[in-house]
Amino acid sequence: MFLQGLETLSLRVERHVSNALKIVDYLSKHPQVEAVHHPSLESEPSHYLYKKYLPNGGGSIFTFEIKGDAKTAQKFIDNLAIFSLLANVADVKSLVIHPATTTHSQCTEEELLDQGIKPNTIRLSIGIEKVEDLIAALDAAFEAVK
């Protein structure tokens, strides 16, 4: 099983990256999004490293800030179909989590901000599903928090 998984790893990573870049583009243009943090964006401090070392793209795990507060972020997550609510990363399926109340819940507000985590931060790990289905799920979740 391990060898079979290893044989298709490069294909899966290509799909992860391709999907992630399309989702990053979609979110960066969405009116209900405050900010997107992915190294492919020129606004990110690590962008020059991304361009230098990852010419074919990289990174299917990233965060974005939804306009609103922690309740808005939680309602968005609760209404996000297809994405599984899990702290895992780089799975074949797409995942979503609210870091401030899960993976980083023991941090103080100051520590959260030092790590770039706001109450409205949502972390996505993009999988290999059809990107059109992922965008449709994101659209529906945004509609639910309008």
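In this predicted model, helix α2 (residues 9-28) packs with helix α6 at an angle of about 30 degrees, the axes lying 10 Å apart. Here axes are lines fitted to C-alpha atoms, for helices over the stretch in contact, and angles run from 0 to 180 degrees between N-to-C directions. The angle makes α2 roughly parallel to α6, a label given to angles under 35 degrees. The crossing of the two, α2 and α6, is right-handed, meaning that the near helix is turned clockwise from the far one by less than a right angle.

On the α2 side, the contact (heavy atoms within 4.5 Å) draws on Asn-19, Lys-22, Ile-23, Tyr-26 and Leu-27. Helix α6 contributes Val-131, Leu-134, Ile-135, Leu-138, Asp-139 and Phe-142.

Turning to the whole chain, the protein has 6 helices and 5 strands, taken as DSSP runs (H or I, at least four residues, for helices; E, at least two, for strands) numbered from the N terminus. Their order along the sequence is α-α-β-α-β-α-β-β-α-β-α. The C-alpha trace spans about 40 × 30 × 30 Å along its principal axes.

Confidence is expressed as pLDDT, the predictor's score for each residue from 0 to 100. The protein has a mean of 93, with 100% of residues at 70 or more. Helix α1 (residues 2-7) is lowest at a mean of 80, while α6 (residues 131-144) is highest at 98.

Residues are numbered from 1 along each chain as its sequence is written. Local features need pLDDT of at least 70, side-chain atom pairs count only at 80 or more, and totals for chains, interfaces and linings use all residues, while side-chain values use heavy atoms, leaving out hydrogens and water.

Methods: Angles under 35 degrees count as roughly parallel, over 145 as roughly antiparallel, 65 to 115 as roughly perpendicular and the rest as oblique.
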